[in-house]
Amino acid sequence: MRIVIKIGTNTLSAADGTLDTKRIKSLAGEIAALKKSSHQVVIVSSGAIGAGMGKMKLSSRPSALKDKQALAAVGQPILMDAYQEAFGALGITVAQVLVTRHDFDDRRRYVNAKNTMLSLLELGAVPVVNENDTVAVEEINFGDNDTLAAIVAAKISADWLFIFTDVDGLYKGIPGKSELVGLVEKITPEIEKF
């Protein structure tokens, strides 16, 4: 099976805002077990901006795009180093794949990104996908990478998409302040509004 796992910033962060390397090692162990069972795994990872905030000792996320882009530039190598260390200890290679929304809007770029990810999977690597926040020309826009994970899962014909997050599920409005949807049996226009 081909599996896409989206890992949110809060899942990867320690209480002080830095990366929780113990959690990353634990996740690497679980993903290694999936790979040993002949599954192909792609990670869609948030956390670059959070890792940058931790490194720069910032307690709150900035609102200006240029500041988020700068923090992503600081945090992305920290995030990848953590993945490389955790997976490398298990004999697994990770590969960084940075994309923007436009990479999926343009057929040629989408096909190139897809073929790269499929080749990495065939080689036995674990692609780690993140939005290329440092060059995004619009507000950082995939929204905690949940939408990016869904797009990646669809484009590479994944069998499963798992979203690791601290949000309880789909809400009818603001998470934690509105009704939680217990079960979605069909995607309807009403559901899409949530």
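This is a predicted model: local features need pLDDT of at least 70, side-chain atom pairs count only at pLDDT 80 or more; totals for chains, interfaces and linings use all residues.
Residues are numbered from 1 along each chain as its sequence is written. Local features need pLDDT of at least 70, side-chain atom pairs count only at pLDDT 80 or more, totals for chains, interfaces and linings use all residues, and side-chain values use heavy atoms, without hydrogens and water.

The largest nonpolar core has 28 residues. Such a core joins buried Ala, Val, Leu, Ile, Met, Phe, Trp, Tyr and Cys residues through side-chain atoms within 4.5 Å; buried means under 20% relative accessible area, exposed over 50%, and partly exposed in between (1.4 Å probe, protein chains only). Leu12, Ile43, Tyr83 and Phe87 have the most contacts inside this core. Helix 4 provides its largest share, 8 residues. Phe87 touches Ala28, Ile31, Ile43, Ile92, Val94 and Val126, leaving aside residues up to four places away in sequence; contact means heavy atoms within 4.5 Å. A second, separate core of 21 residues includes Val97, Leu118, Val129 and Ile156.

Two residues other than glycine have a positive phi. Lys57 has a value of about 60°. Lys57 lies in the loop between helix 3 (48-55) and helix 4 (65-88). Helices (H or I, at least four residues) and strands (E, at least two) are DSSP runs, numbered from the N terminus. Lys57 is exposed, at 73% relative accessibility. Ser157 has a phi near 55°. Ser157 sits in the loop between helix 7 (146-155) and strand 5, and is exposed at 51%.

Phe162 belongs to strand 5 (residues 160-164). Phe162 is partly exposed, with a relative accessible area of 36%.
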